Amino acid sequence: MDDLKVNDLSLSQAIIPTTRFTLRPLRPSDAGMIAHYTADRRVAEGTRAIPHPLPHGASENFVARALADDRQEDVWAIDGSQSKLSELLGIVSLTRMEGDQSELGFWVGAGFWNTGFATEAVAALVSANPHGARTLFAEAFQDNAGSARVLTNCGFVYLGDAESWSLARNGRVPTWTYLRKMD
């Protein structure tokens, strides 16, 4: 992708400032840090869609899909450069669903766990509500209490138990499903 095309696509996605970082659209230069963080099995196993080990070129393909005109998922980098941290601390995303609903997803690099970054990123995205959703859904694997705490700290309410497929685990994983009605 040339820079003009990336910049044009980035303008269609909100930039959301927080106290310690900025949520911004991905850019091609983020692919290396995405590959670095997701090479940690613990990060990959906390998600549905990240395989472990990460195949060559997967992070570049992820960024390209996040910048595509026809994307269904908006992906933001948690950019800590304003606080002299990494330009990419993790990812937060919203996937469009039917009926003014979106599904929220997130991960942060293992070195940033227990820092409040995930909670701050999710809270900022919920507050901005860039999809104009009336309802947000999210899930956490039942062996990931930290992600569940992030969701409840951001006003999500437990809805029920389910299962989701995890590429990194190559199997179904029990989940807790959460809902956030937007005002």
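Tutor: The account below begins with the basis of the model and the overall fold, turns to the aromatic residues, and ends with some individual loop positions.

The structure is a predicted model, in which local features need pLDDT of at least 70 and side-chain atom pairs count only at pLDDT 80 or more, while totals for chains, interfaces and linings use all residues. Residues are numbered from 1 along each chain as its sequence is written, and side-chain values use heavy atoms, with hydrogens and water left out.

The chain contains six helices and eight strands; these are DSSP runs numbered from the N terminus, with helices (H or I) of at least four residues and strands (E) of at least two. Read from the N terminus, their order is α-β-β-α-α-α-β-β-β-α-β-α-β-β. The radius of gyration is 15 Å, close to the 16 Å that the globule rule gives for 183 residues, so the chain is as compact as a globular protein of that length. That radius is taken over C-alpha atoms, and the rule is 2.2 Å times the number of residues to the power 0.38. The C-alpha trace spans about 45 × 40 × 35 Å along its principal axes.

Of the 183 residues, 47% count as buried. Here buried means under 20% relative accessible area, exposed means over 50%, and partly exposed lies in between, with a 1.4 Å probe and protein chains only. The accessible surface of the chain comes to about 9,400 Å², and 51% of this belongs to carbon and sulfur atoms; the areas come from the Shrake-Rupley method with a 1.4 Å probe, and for residues only the protein chains shown count as cover. A contact requires heavy atoms within 4.5 Å. Among contacts between residues at least 6 apart in sequence, 63% join residues at least 24 apart.

The aromatic side chains can now be taken in turn. A pair of aromatic rings is described by the distance of the centres and the angle of the planes. Rings of Phe, Tyr and Trp (its six-membered ring) pair if their centres lie within 6.5 Å; planes under 30 degrees apart count as stacked, over 60 as edge-to-face and the rest as tilted. A search of the whole structure finds five aromatic pairs. One of them joins tyrosine 37 and phenylalanine 112 in an edge-to-face arrangement, with 6.0 Å from centre to centre and 80° between the planes. This pair links distant parts of the chain, 75 residues apart: tyrosine 37 belongs to helix H2 (residues 31-38), and phenylalanine 112 to the loop between strand E5 (101-108) and helix H5 (117-128). Tyrosine 37 is buried, with a relative accessible area of 10%, and phenylalanine 112 counts as buried at 18%.

Another edge-to-face pair is formed by tyrosine 158 and tyrosine 178, at 6.1 Å centre to centre with 75° between the planes. Its members are 20 residues apart, tyrosine 158 in strand E7 (residues 157-166) and tyrosine 178 in strand E8 (residues 171-181). Tyrosine 158 is partly exposed, at 43% relative accessibility, whereas tyrosine 178 is buried, at 5%.

Tyr37 and Phe112 also belong to an aromatic cluster, together with Phe21, Trp107 and Phe117. Phe21 is one of the residues touched by glutamate 120, along with Thr18, Thr19 and Arg20, not counting residues up to four places away in sequence. Glutamate 120 lies in helix H5 and counts as buried at 17% relative accessibility.

The loop that holds phenylalanine 112 also holds asparagine 114, between E5 and H5. Phi of asparagine 114 is near 60°, a positive value in a residue other than glycine, and this asparagine counts as exposed at 78% relative accessibility. Asparagine 170, in the loop between E7 and E8, likewise has a positive phi, near 55°, and is exposed, with a relative accessible area of 60%.

Two further loop positions complete the account. A cis peptide bond joins histidine 52 and proline 53, with omega about 0°; proline 53 lies in the loop between helix H3 (41-45) and H4. Aspartate 70 is found in the loop between helix H4 (58-66) and strand E3 (73-79), and counts as exposed at 63% relative accessibility. Its C-alpha atom is separated by 12 Å from that of threonine 95, 25 residues apart along the chain.
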